[in-house]
Amino acid sequence: MTRLRTAILISGRGSNMDALIAAARAPDFPAEIVLVLSNRADAPGLAKAKAAGVAVAAVDHKIYAGREEFERSLQLVLETHRIDFICLAGFMRLFTPWFINQWRGRMLNIHPALLPSYRGLHTHERALADGVKIHGCTAHFVVPEMDEGPIVAQAAVPVLDGDTPETLGARVLSQEHVIYPLALRLAASGAVRIEGNRVLGALPACDDRLIAPSATPF
Ligand code: GAR
């Protein structure tokens with residue numbers, strides 16, 4: 001089995017990165033995590049990746065005149081490590097179409113909401129303010145439009161009466177850690193294909209793994 005050489009891009013603590021690294025330890029996993037790359041040299045996730053034996057690199061976006069110059073540096077690091085596939089995991093920079101088109105069909109993102117609801121930031125606060133009863137997370141292929149792109153997997157969680165953005169966010173995050181490795185497995189194994197905006201062969205919504213444990217409000 002050829003395992004796709006995969007880079008995880010982070011900006012912060014890297015809990016999704018941890019979940020991907022742990023999943024990729026399975027001998028039959030179709031992707032190998034060979035690099036963790038951050039735009040912040042002080043991202044806490046970098047030390048964790050290093051401790052897990054994964055190569056790390058940082059490219060500080062602040063020292064570049066523009067986004068494309070920054071991305072050309074990223075691209076060079078990715079090419080040096082012979083990367084086939086990218087997982088964005090809390091990487092808080094927007095990419096230009098130039099970069100995204102280099103990686104079209106080969107780059108996934110995890111978003112803390114049930115897209116197409118709640119694109120952008122502060123998703124848990126906004127879900128609570130709207131009074132929705134179901135919230136969740138989405139793993140999707142990256143396209144030039146922010147927080148759009150063919151969806152590989154989603155998980156739903158209940159919104160409970162006493163929730164704060166923190167408690168709701170923690171419930172969502174635990175499901176991100178479930179669906180992101182599943183989505184990478186599907187994408188890297190070639191088990192799914194993209195047709196228009198749909199990913200066919202993706203996880204069915206009724207998959208038991210996609211319902212939060214102890215969630216019984218439906
Ligand atoms: C995750 O909740 C991820 O969904 C979110 O940032 C967090 C990173 O946490 N990503 C976005 O909001 C991207 N728009 P982590 O560093 O612990 O994985």
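I started with the α1/α6 contact: S15, N16, A19, L20 and A23 of α1 touch L173, E176, H177, Y180, P181 and L184 of α6 (contact means heavy atoms within 4.5 Å). By class, I get seven nonpolar, three polar and one charged residues there. Nonpolar covers Ala, Val, Leu, Ile, Met, Phe, Trp, Tyr, Cys and Pro, charged covers Asp, Glu, Lys and Arg, and the others, Gly among them, are polar.

A note on the source: this is a predicted model, where local features need pLDDT of at least 70, side-chain atom pairs count only at pLDDT 80 or more, and totals for chains, interfaces and linings use all residues. Residues are numbered from 1 along each chain as its sequence is written, and side-chain values use heavy atoms, with hydrogens and water left out.

Next I looked up the geometry. Helix α1 (residues 15-23) and α6 cross at roughly 45°, and their axes come within 9 Å. That makes α1 oblique to α6 (under 35 degrees is roughly parallel, over 145 roughly antiparallel, 65 to 115 roughly perpendicular, the rest oblique). Axes are lines fitted to C-alpha atoms, for helices over the stretch in contact, and angles run from 0 to 180 degrees between N-to-C directions. Helices are DSSP runs of H or I with at least four residues, strands are E runs with at least two, and both are numbered from the N terminus.

Then I turned to α5. Helix α5 (residues 123-130) packs on helix α6 (residues 165-189) at about 115°, with the axes 9 Å apart. That makes α5 roughly perpendicular to α6. On the α5 side I find H124, E125, A127 and L128, and they meet P165, L168, G169 and V172 of α6. This contact has five nonpolar, two polar and one charged residues.

A polar side-chain atom of S15 sits 2.6 Å from a ligand oxygen. An N or O atom in the E176 side chain is 2.8 Å from an oxygen atom of the ligand. For G14, a polar backbone atom is 2.8 Å from a ligand oxygen.

Last, I checked the backbone. Most residues other than glycine have a negative phi, and most peptide bonds are trans. L115 and P116 are joined by a cis peptide bond, omega about 10°. P116 is in the loop between β5 (107-111) and α5. R82 has a positive phi, near 50°, and lies in the loop between α3 (67-80) and β4 (85-88).

Conventions
Polar contact = N/O pair within 3.5 Å; in protein donor to acceptor, adjacent residues only side chain to side chain.
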